[in-house]
Amino acid sequence: MATGSSSNRLKNPHIQPKIEPFVSKKGHNPKDLRSWAKQTGFVSGESSNPTSTIISHQKFDTLDVEIERCLKNQTGGKIEIDPILGRNRINREEEEEEIELELTARTRPRGNWRRGFGDESNTNEARNTNGNGGNVLLPVVTVIEPKKEEDKDVENGVMHPVEVDGSGYRDEGWNTSDMKYGLRDNPGFVRLIYYGLQHYLSLAGSLMFIPLLIVPAMGGTDNDTATVISTMLLVTGITTILHSYFGTRLPLVQGSSFVYLTPALIILNAKENRNLSEHKFRHIMKELQGAIIIGSIFQSFLGFSGLMSLFLRLINPVVVAPTMAAVGLSFFSYGFPQAGSCVEISIPQIILVFGFTLYLRGISIFGHRLFRIYAVCTSSSDVFSKIFVPLSVMIIWTYAFFLTAGGAFNYEGCSPDIPSSNILTDSCRRHAYSMKHCRTDVSNAMRTAPWVRIPYPFQWGIPVFHFRTSMIMIFVSLVASVDSVGTYHSASLLVASKPPTPCIVSRGIAMEGFCSILAGLWGVGTGSTTLTENVYTINVTKVASRRAVEMGAVFLILFSFVGKIGAILASIPQALAASVLCFMWGLIVALGLSNMQYSKTASFRNITIVGVSLFLGMSIPSYFYQFQPETSLILPSYFLPYSAASDGPVHTGSKQLDFAINGIMSMSMVVTLLVAFILDNTVPGSKEERGVYIWSHAEDLVADSSLSADYSLPRKVAQMFCWGRCF
């Protein structure tokens, strides 16, 4: 096609273009043209006609001019026409390769999401109607996406970003696993119950094991542990529903996070709280409530004021990855020392968890893969979706029950009613301590807990506010916000949706702060934030329905009213809970480091920042642990890293400020965040190298109805907040 004819047609579109006859060649392999057609944009994903694709004249003319120019340069200006193949190519493969390289940057479609691209045109011809009513046949090449080798990675939750274009920005397409049910799908009432309970069973460790650790350390009774567990179920259900309607609207569970566990251990190990004898649990709980409320107010202000939208520009995968990893690494001195108090049940528990998660995850039983979520038994079938109790915990719990009933965990004359300080022999003291962590009948909550009990705000008393604890929680709320930002981005891509806008992220952070305020009012000992493990659960279950998460939250609220449920969970041996948490904390480390997939992981800049920030995040707090000689004689060894706030090296003359600074610098996750944040935003690096998070724009909500339906508030609620830019 000559250049002059194309210009005449642009001036007068009613002129019939002269089309040379095309005779198909027998035995011609159409695959020769597929990659070329894909690169030059001959296939359109915009057509809704399943049998034809309409291609504009201008697009063909532009491509023809470019092809003419490339071919003339190679053949010295002379183009030979073959009546069968069209153009006579001396070296067809080399010529195609050079054309692809030259035309890719100019003709590559921009701004298209990988999902669904090129699936709508399946024919070799397209019919275009000109102004005179005539039909012109235009050649179209059908593109069949080759089967990708990373299907196994997608199945395992690994998402690969699309190549970066010439501008240095990512194309917003992502290879995501196919969801059974999308964000706005309704599987039906029965399946909603199934999938909802399945979702929360996989997060049982985060929801019930934290009270099993902190309440006994705070001096609480078995009934206090059961009450805190019931309260946590209630708050988790309420906050999840609130976030689903008024937050980011992603299918994410809001619950008690391990981010708040470290400051809780620091506060309960303060020097002023060690010597308390009467009402120790209530006193420490009220101090935790006040600190959580102040930190949550700061987090809400960060979101509602729009400051989070500005802060997002400085938060990237190189910052999120080490910070999330440091949350899990913060408990390395607490995990196995607690689990090792009864190796008879902790070692089998850890082996069983690894067996289910790593060795048996691909095993199919009657066509169903049953071991896909860590220690949780789920079915991947659409019809026979089943829900089971977390297998590893149930099996080992039953195993411990039979050992207790069979006399394997007898006290052997070492009475458990005698305080450890009054036991004369060390061997008897250690034996009594181990038996308390092994036996399943230590808790008397099942006998004393009421059948019906409704948790209520201020059930432990009026919160107590201190400057020292409030400062610590403000920094912890920043860590929780950074953690949630990474979770929002990963979850949005996983459910095959575009990332939210910065305003929507700010709205989600603000709602998380409000939910943590509710957690502080009810008194669960920790704040409420998005659970990082939730992303892994969505990928494994392939269920991203908001309604399923909301249905499960309703059941949590109902379960919280039954006091016996909290009592049953409170009777889990502490060694068993600690052994499961060893795996979960390791999983959090892995999920945090997986955020590096969004950046250049082989970059020396990135690996240096991540490595140095993690090392200093562990080493600097160790420096603060040295200044506590008296504490080492009073507290157990696994509590020593959390007692540096009272005996740290900082002395400013103000005890409140000393406690705050020593406590902040003794938290690995805070130090890691500060180091990674400063290095990533000061060390030079391109956006491609840093893997800068790309969020949607506010205009996309107006232009894309699907994006608006995913993230916009319900219509009546949005009308009430029409004055807000991010609502």
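User: Let me start with helix 27. Which residues of helix 27 are buried?

Analyst: This is a predicted model, so read every value as computed from it. Helix 27 spans residues 655-665, and its buried residues are D658, F659, A660, N662, G663 and I664.

User: What covers the buried residues of helix 27?

Analyst: The cover includes helix 9 (261-268), helix 19, helix 25, helix 26 (644-647) and helix 28 (668-682).

User: Now the nonpolar core. How many residues does the largest one have?

Analyst: The general idea comes first. In soluble globular proteins, nonpolar side chains tend to be buried together. Here the largest nonpolar core has 110 residues. F209, F258, W585 and M669 have the most contacts inside it. Helix 19 (residues 467-494) supplies the largest share of this core, eleven residues.

User: Which residues does M669 touch?

Analyst: Set aside residues up to four places away in sequence. M669 then touches V259, T262, P263, T323, A326, V327, S330, V476 and V479. Another core lies apart from the largest one. That other core has eleven residues, among them L234, C515, L518 and W522.

User: Is C515 buried or exposed?

Analyst: C515 is buried, at 0% relative accessibility. C582 has 25% relative accessibility and counts as partly exposed. The cut-off for buried is under 20% relative accessible area.

User: How many disulfides are there?

Analyst: A disulfide is a covalent bond between the sulfur atoms of two cysteines. The count here comes to one disulfide. It joins C342 to C438, with 1.7 Å from S to S. The angle about the S-S bond is 125 degrees, and the link of C342 and C438 is right-handed.

User: Where do C342 and C438 lie?

Analyst: C342 is in the loop between helix 14 (335-339) and helix 15 (343-359), while C438 is in helix 17 (residues 426-438). The pair therefore ties together parts that are 96 residues apart in sequence. C342 is buried, with a relative accessible area of 1%. C438 is buried too, at 0% relative accessibility.

User: On to helix packing. At roughly what angle do the axes of helix 13 and helix 25 cross?

Analyst: Read the angle together with the distance between axes. Helix 13 (residues 317-329) and helix 25 (residues 604-625) cross at roughly 30 degrees, and their axes come within 10 Å. Angles under 35 degrees count as roughly parallel. Helix 13 and helix 25 are therefore roughly parallel to each other. The crossing of helix 13 past helix 25 is right-handed.

User: Which residues make the contact between helix 13 and helix 25?

Analyst: Helix 13 contributes V318, P322, A325, A326 and L329. Helix 25 contributes N606, I609, V610, S613, L614 and M618.

User: What is the angle between helix 8 and helix 23?

Analyst: Helix 8 (residues 222-246) packs on helix 23 (residues 563-570) at about 115 degrees, and the axes are 8 Å apart. Helix 8 passes helix 23 in a right-handed crossing. On the helix 8 side, D222, T225, A226, I229 and S230 take part. They meet G566, A567, L569 and A570 in helix 23.

User: How do I read a single residue? Where is V505 found?

Analyst: Take location, burial and neighbours in turn. V505 is found in helix 20 (residues 502-522). V505 is buried, with a relative accessible area of 0%. Beyond residues up to four places away in sequence, V505 touches L312, V485, Y488, P500 and W695. V505 and Y711 are 206 residues apart in sequence, yet 10.0 Å apart in space, C-alpha to C-alpha.

User: And S296? Which residues is S296 in contact with?

Analyst: S296 sits in helix 11 (residues 280-304). S296 is buried at 1% relative accessibility. Leaving aside neighbours within four places in sequence, S296 is in contact with G513, S516 and I517.

User: Last, backbone angles. What is the phi of R249?

Analyst: Most residues other than glycine have a negative phi. R249 is not a glycine, and its phi is positive, about 70 degrees. R249 lies in the loop between helix 8 and strand 5 (254-256). R249 counts as buried, at 9% relative accessibility.

User: Where is F458 found?

Analyst: F458 is in the loop between helix 18 (445-448) and helix 19. F458 also has a positive phi, near 55 degrees. At 39% relative accessibility, F458 counts as partly exposed.

Key
Residues numbered from 1 in each chain as written. Predicted model: local features only at pLDDT ≥ 70, side-chain atom pairs only at ≥ 80, totals over all residues. Heavy atoms only, no water. Core = buried A, V, L, I, M, F, W, Y, C linked by side-chain atoms within 4.5 Å. Buried < 20%, exposed > 50% of the residue type's maximum accessible area, 1.4 Å probe, protein only. Helix = DSSP H or I, 4+ residues; strand = E, 2+ residues; numbered from the N terminus. Contact = heavy atoms within 4.5 Å. Disulfide = S-S within 2.5 Å. Axes fitted to C-alpha atoms, helices over the stretch in contact; angles between N-to-C directions. Parallel < 35°, antiparallel > 145°, perpendicular 65-115°, else oblique. Left-handed = near helix turned anticlockwise from the far one by under 90°.
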